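User: I'm new to this structure and would like a walk-through. Could you show me how to read its main features, one at a time?

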Amino acid sequence: NTPMKRLISYLAIAMTLLAAAVPTRAQRFIKEVETIAALVAMNPNDVHKAAYVKGYYAAGDGGEGLFFYVSTNSTTTNYGTIFKPTSYNGRWARDYVGDIQAMWFGLYTDGVTPNDTRLTNMMSIATAGSNLRFPPGTFGISNVVFAITKNNLTIKGSGVDSTIFKALSGNAPFTVSSATVTNTTYEDMTVDSNQKGSCFNLNGQYLVNGLTFRRVKFWNFTTAGIVMNQGANNLIVDSCIFQNPANTSNTSDTGISGAALRNVLIKNSKFHYVRGGFIVNTGTTTNEVEIPSDNLQFINNTLDLGWLYWPARFAASGTNVSYSATVLTDSTASFSGINVNDTLRVMTIITNRTADALTSDYVEDDAADFTAMGILRGEIVTTGPAFAVVSGVETATTLPIEAWLAGTTRAF
């Protein structure tokens with residue numbers, strides 16, 4: 001038994017142990033292909049039961065990944081993680097853990113081609129707790145809105161003005177409907193209504209319990225950035241932007257509009273070229289829930305025109321706070337005038353005025369009592385299509401104002 005024979009024997013034993021330790025699928029040959037189209041066209045019934053795809057349409061486009069072929073798999077093809085070979089049974093299954101990537105499903109980023117079916121396929125594999133990740137690009141959404149139907153989801157882009165969801169038809173790009181959905185988070189994206197209506201639409205009574213928007217830009221809407229007229233509970237809007245083009249002629253745009261809202265926190269956000277920052281409705285129309293809103297916080301926000309707006313028919317109260325269309329009372333606070341640190345403003349609506357109000361430096365209303373209404377310097381009033389900032393209260397029926405702003409004029 002020579003030393004050389006002993007060495008050969010030891011090597012043989014080592015190779016046997018190593019082979020046993022390596023998973024069977026890793027021992028197979030891995031074929032490299034350029035695209036998903038090449039993957040589904042290849043014959044999986046040879047030695048290549050594993051394949052590495054370089055990209056969905058082209059190498060490096062985000063659709064790359066490792067696939068394994070299982071001849072007995074009959075799972076429905078979703079064109080992202082499961083593919084059926086063109087001429088064979090079985091399925092190619094993507095090998096992955098962690099976040100679900102949009103480009104696995106071949107989404108188009110040109111802002112023109114609809115992604116409705118591909119987004120639906122992407123949502124189909126999400127489970128509670130999933131993170132859905134989107135790269136830079138403009139993702140067009142047409143007839144089928146991106147319907148959120150799962151709980152505890154995070155939909156995350158690559159940054160404001162980097163990842164853009166753009167409406168191509170009259171639907172809001174995002175909606176929550178037809179199911180009770182809890183704890184959904186949207187981060188780092190722009191939602192472009194493209195002058196089609198709203199950016200985000202919540203349908204159904206109290207369907208959402210836990211909805212968070214962080215670093216989201218709601219852009220180019222004609223109705224509202226967020227519409228929740230059927231109710232929502234536990235809403236957080238943090239570091240968001242609600243903005244319309246400077247030349248918009250729309251007169252009804254609102255940053256956030258809702259009814260039956262409970263536990264709402266809006267903070268560190270900006271409302272630019274938007275007539276109404278945050279409007280709370282009371283549910284007197286058929287599409288609004290007649291349930292009082294409660295615990296609404298509006299903190300450290302920037303508004304260039306419309307402030308906080310309770311319609312005239314709205315009146316309710318909480319433990320320490322009562323409010324109406326024109327008056328906010330907090331029994332625990334000490335109001336000493338308007339200053340830059342104020343976090344809550346009430347936008348007073350003036351409906352009666354003299355004929356020359358828009359050409360004068362005053363709002364005059366013989367039926368009003370501006371003193372009793374508690375109007376303060378710096379508040380914004382409206383008369384028809386125009387806006388103005390109050391410079392003081394001269395008499396109970398006369399308000400001095402700054403220069404009138406037309407409906408399309410905004411000043412930063």
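Analyst: Let's go through the ground rules, then sheets, cores, single residues and salt bridges. This is a predicted model, with local features needing pLDDT of at least 70 and side-chain atom pairs counting only at pLDDT 80 or more, while totals for chains, interfaces and linings use all residues. Residues are numbered from 1 along each chain as its sequence is written, and side-chain values use heavy atoms, with hydrogens and water left out.

User: Okay, sheets. What holds the strands of a sheet together?

Analyst: Strands of a sheet pair through backbone hydrogen bonds, and the pairing can be parallel or antiparallel. The strands and helices here are DSSP runs numbered from the N terminus (E, at least two residues, for strands; H or I, at least four, for helices). Two strands count as paired if DSSP finds at least two bridges between them.

User: What is the strand order in the open sheet of five strands?

Analyst: The order is β1-β2-β3-β5-β4, and the pairing is mixed. At the edges sit β1 (30–33) and β4 (82–83), each pairing on one side only. Look inside the sheet at β3 (residues 65–70) and β5 (residues 91–94): they run antiparallel and are joined by four bridges. Facing each other there are F67 and R94, the latter in β5.

User: And in which sense do β18 and β21 pair, parallel or antiparallel?

Analyst: Parallel: β18 (residues 232–238) and β21 (residues 261–267) share six bridges. I236 is opposite L265 of β21. β21 also pairs in the parallel sense with β24 (residues 294–299), over five bridges. In that pairing L265 faces Q297 of β24.

User: Next, cores. How many residues are in the largest nonpolar core?

Analyst: First the idea: a nonpolar core is a set of buried Ala, Val, Leu, Ile, Met, Phe, Trp, Tyr and Cys residues joined through side-chain atoms within 4.5 Å. Buried means under 20% relative accessible area, exposed over 50%, and partly exposed in between (1.4 Å probe, protein chains only). The largest core here has 48 residues, and those with the most contacts inside it are F134, F213, F218 and F242. Strand β16 (residues 208–219) gives the most to this core, with five residues. There is also a second, separate core of 12 residues, which includes I36, L39, V53 and Y56.

User: Which residues does F218 touch?

Analyst: Contact means heavy atoms within 4.5 Å. Leaving out residues up to four places away in sequence, the neighbours of F218 include V191, C199, F200, F213, I226 and F242.

User: Is T81 buried or exposed?

Analyst: T81 is buried, because its relative accessible area is 6%. You'll find T81 in the loop between β3 and β4. Again leaving out residues up to four places away in sequence, T81 touches F67, W92, A93, R94, Y96, W104, F105 and I125.

User: What about M373: where is it found?

Analyst: M373 is in the loop between β31 (362–364) and β32 (380–383). With 18% relative accessibility, M373 counts as buried. From M373 to A396 is 23 residues in sequence and 9.1 Å in space, C-alpha to C-alpha.

User: Last topic. How many salt bridges are there?

Analyst: A salt bridge is a side-chain nitrogen of Lys or Arg within 4 Å of a carboxyl oxygen of Asp or Glu. Searching the whole structure turns up eight. Among them is K54 with E34, at 2.8 Å from N to O. K54 lies in the loop between β2 (50–53) and β3, and E34 in the loop between β1 and α3 (36–41), so this pair ties together parts 20 residues apart in sequence. K54 is partly exposed at 26% relative accessible area, and E34 counts as partly exposed at 42%.

User: Why does the R133 and D99 pair tie together separate parts?

Analyst: These two side chains, R133 and D99, meet at 3.1 Å, N to O. R133 is in strand β8 (residues 131–133) and D99 in the loop between β5 and β6 (100–101), so the parts they join are 34 residues apart in sequence.

User: Which residue forms a salt bridge with E187?

Analyst: That's R214, with the closest N and O atoms 3.0 Å apart. This pair links distant parts of the chain, E187 in β14 (residues 181–192) and R214 in β16, 27 residues apart. E187 is buried at 12% relative accessible area, whereas R214 is partly exposed at 30%. Through shared partners, salt bridges join K156, E187, D188, R214 and R215 into one network.
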